[in-house]
Amino acid sequence: MSKDEIILRGLKENNLKNIDLNLPKEKFIVFTGLSGSGKSSVVFDTLATESRRQMTMNYPAYVRNQMPRYERPHADLMKNLSPVIVVEQRPISGNTRSTVGTYMDIHPLIRLLFSRIGKPSIGSATDFSSQSSFGRCPKCGGYGEVIAPDLNKMVDFDKSLREYAVKFKPLSPSGWQGRWMMTGGLFDPDLPIKEYSEEKLHLFLYGPRDGEKIYAPFHTKNGPQPHEWDGLLPRFTRLYINRDVSKLKEVTQDDVLAVTTQSLCPTCQGSGLNPKVLECKINSLNIAEYDQLELTELLEELRDIKDPMGESIAQQAIPHVKQLVDMGLGYLSLSRKMGTLSGGEAQRVKIARHLGSSLNNITYIFDEPSAGLHPEEVDLLIGMLKGIKDQHNTVIVIEHDLSVIKVADEIIEMGPGAGVNGGEVVYQGKLEGLKNSPTALALNHKLKINQNPREINSFFTIDRATNNNLKNISVNIPKNVLVSICGVSGSGKSTLMLEAFAKRYPETIIVGHGSIGISNRSTLATYMGIMDDIRTIFSKETGQRAGLFSFNSLGACPVCRGKGVFTPDVAFADPVTVPCEACGGTRYSNEALSYRYQEKNIVEILDLTIDEAMNYFKAPKIIKRVQKLKDVGLGYLTLGQTTSSLSGGEAQRLKLASHLQKEGQIYLLDEPSLGLHIEDNEKLLDVFQNLVNKGNSVIIIEHNQDFIAASDWVIELGPGGGKQGGQIIFEGTPEEMLHADTLTAKWLKDGVR
């Protein structure tokens with residue numbers, strides 16, 4: 001019998017060193033290894049890309065033109081692949097209206113249900129949507145909230161226009177509209193707003209009285225043009241509330257929210273629906289009430305439907321809802337906005353979405369599915385992954401979590417190091433055979449409980465916090481020590497720290513989950529803010545303009561314009577990327593390369609690794625910033641490495657390094673262990689301990705046992721998630737936690753054993 005396995009030969013994508021792999025099908029395979037060791041290069045950049053590329057080849061050319069185009073991975077042979085479904089680590093990007101119900105495709109079924117068996121009956125299923133012309137609430141346009149400009153947040157009445165009385169930037173003197181208010185002749189730019197006459201003030205804030213129109217000259221290069229003045233608040237509402245701000249360049253949603261008040265829409269009570277739609281009910285509940293039920297209650301309601309037509313629709317919705325309940329998310333509701341879920345909740349919703357499928361013989365690829373999950377929830381996760389495998393699928397997981405690694409049918413460890421020092425298979429086989437590698441050491445590693453926590457002398461205080469699910473809690477968080485905030489996902493950790501704490505202590509330096517701005521023109525040197533200094537050094541040394549040493553400016557290769565590569569148009573064939581022949585992929589012009597500093601040209605300097613750069617540069621600012629990269633364990637990367645080529649764990653630490661160079665006193669980090677191997681975690685812990693030794697306060701929101709055990713103080717929220725959470729269930733040292741009776745304590749005791 002020939003074995004059915006995926007055969008990969010001569011893999012050379014990114015840092016892979018021409019490796020060969022056979023992956024058995026219908027097994028649970030875990031790829032592990034240091035961050036940057038080449039796990040994603042095998043799994044995503046080779047296996048998933050090739051499978052997707054071949055899948056698109058099955059479509060006719062005109063369909064392929066509409067689909068994403070994949071380049072053939074650098075490999076000699078890739079054979080016996082099956083279709084892949086990839087569950088990535090990226091946060092779910094949905095628009096502001098995306099809810100659990102719409103994301104899981106349950107909501108369309110509920111709308112269909114109401115249109116068929118709701119009484120009194122209303123037209124079609126689309127009429128039950130807050131985005132349809134009939135279904136949306138006439139007052140708030142379907143958003144459920146009414147946003148109105150707040151005069152006192154927007155205008156400082158003690159100042160004049162020239163002194164920035166208008167606090168909203170696009171309407172202040174820094175923007176054309178603010179300059180026009182000063183030069184248009186309607187208002188005295190140097191008179192404080194509070195001294196305007198009643199008539200002038202009304203004209204300034206609300207525009208002319210009914211039926212009147214007033215024009216003021218707006219100066220352009222063709223001379224003054226008359227422009228209608230409509231009043232500050234009407235103008236703000238028209239330009240920044242009644243249109244999608246996310247499409248505008250200069251203004252963000254947050255800028256608008258800073259000068260407005262939001263309140264529940266009185267007409268639809270926040271549902272966004274037309275009151276006529278809300279009259280239609282099933283078993284005395286309308287669709288908005290259905291959407292607000294906890295999923296466990298929703299399951300009961302759906303099972304209670306006896307109408308034959310309704311029953312068949314309910315039966316289609318039940319498996320999706322049950323999937324979420326089985327994942328421990330029974331406390332969510334369909335109306336819960338996706339953007340408000342915690343990292344661990346979003347991660348599980350994302351996985352549940354793929355579980356409803358009845359396809360098999362598929363390769364499922366999960367990128368760190370345990371991210372953001374409490375050890376208690378990792379158990380649920382393992383059950384699900386095995387469930388997928390049992391339906392005759394192959395499950396491939398990139399993972400650092402030891403409990404996931406322990407249950408794998410096959411372990412593949414990449415290494416031995418990261419970046420240029422990685423890209424080889426260190427081990428492939430069963431758990432028992434794993435010896436003398438970073439993961440083997442990690443599996444035998446015992447938790448070290450901090451026996452001598454630092455002395456605590458003063459506290460940050462949070463008083464009676466009630467944001468989201470917090471139950472009116474007050475808490476003292478010790479200063480100048482290492483504090484861990486833990487608890488199951490959805491228990492209120494992020495709400496307490498990223499909302500309540502950050503509002504009380506706005507000077508906090510927060511390192512959140514947001515991805516770093518990734519582009520192929522951004523490098524480690526530009527991200528860390530040292531590229532300007534390197535260009536200045538060159539400019540002083542050679543007497544040339546600094547722009548000559550940037551591939552985004554004067555120094556760009558004239559042929560590829562600083563991209564370093566070409567993607568020639570190959571019509572309907574697979575896209576190919578070829579290095580630019582003129583600059584050989586360096587991105588710089590010959591002129592830029594002809595100048596040297598300490599015997600190296602700009603490209604040779606960008607090829608220095610962080611470790612080498614420490615000995616090359618003299619400028620204290622550069623040394624200090626490069627040292628930060630070394631501290632977080634990125635010494636093996638080069639200054640010119642593009643941020644788009646970093647692994648998840650590398651990007652996480654680059655973000656950390658850039659925040660750590662800000663001088664602050666309070667550092668708050670949301671799950672800093674994401675994407676990191678245990679060996680990388682220890683380097684990170686040293687960075688935190690050093691920050692505390694210098695007199696800073698470091699607070700981490702974390703599930704990772706090593707971080708919790710090494711802390712000076714631990715605060716646990718819970719006991720459950722959602723409505724069952726939001727209370728403080730433990731405060732004390734890690735040693736005291738060993739005697740507590742909480743979920744985190746249970747796993748901490750387990751780790752010590």
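Let's start with Arg9. Its bridge partner in β4 is Leu77. Strand β1, residues 5–11, pairs with β4 in the antiparallel sense over 3 bridges. Keep in mind that this is a predicted model.

So where does β1 sit in its sheet? The sheet is open, has 3 strands, and its order is β2-β1-β4. Pairing here is antiparallel. β2, residues 19–24, and β4, residues 77–79, stand at the edges. Each of these two has a single partner strand, so one side of each is left without a neighbour in the sheet. The twist from one strand to the next averages 10°. α1, residues 39–57, lies across β1, β2 and β4. It runs at about 115° to β1.

A quick reminder on sheets in general. Strands pair through backbone hydrogen bonds, and the pairing is either parallel or antiparallel.

Strand β18, residues 482–486, and strand β23, residues 697–701, pair in the parallel sense over 4 bridges. Val483 stands opposite Ile699 in β23. There is a helix here too.

The crossing is left-handed. Who makes the contact? From α12, the residues include Leu295, Leu298, Leu299 and Leu302. From α13, they include Ile318, Val321, Leu324 and Val325. By class, this contact has 11 nonpolar, 1 polar and 2 charged residues.

Next, α4, residues 107–117. How far apart are the axes of α4 and α13? They are 10 Å apart, and the helices pack at an angle of about 175°. That makes α4 roughly antiparallel to α13. On the α4 side, the contact is made by Leu109, Leu112, Leu113, Arg116 and Ile117. On the α13 side, we have Met309, Gly310, Ile313, Ala314, Gln316 and Ala317. The classes are 8 nonpolar, 2 polar and 1 charged.

Now some backbone details in the loops. The peptide bond from Lys119 to Pro120 is cis, with omega near -15°. Pro120 is in the loop between α4 and β6. Gly415 and Pro416 are also joined by a cis peptide bond, with omega about -5°. Pro416 is in the loop between β14 and β15. Then there is Asn283. Its phi is near 45°, a positive value in a residue other than glycine. Asn283 is in the loop between β10 and β11.

Last, confidence. The mean pLDDT of the protein is 91, and 99% of its residues reach 70 or more. Where is confidence lowest, and where highest? It is lowest in helix α9, residues 253–258, at a mean of 82. It is highest in β18, at 98.

Key
Residues numbered from 1 in each chain as written. Predicted model: local features only at pLDDT ≥ 70, side-chain atom pairs only at ≥ 80, totals over all residues. Heavy atoms only, no water. Left-handed = near helix turned anticlockwise from the far one by under 90°. Contact = heavy atoms within 4.5 Å. Nonpolar A, V, L, I, M, F, W, Y, C, P; charged D, E, K, R; others polar. Pairing = 2+ DSSP bridges. pLDDT = per-residue confidence, 0-100. Axes fitted to C-alpha atoms, helices over the stretch in contact; angles between N-to-C directions. Parallel < 35°, antiparallel > 145°, perpendicular 65-115°, else oblique.
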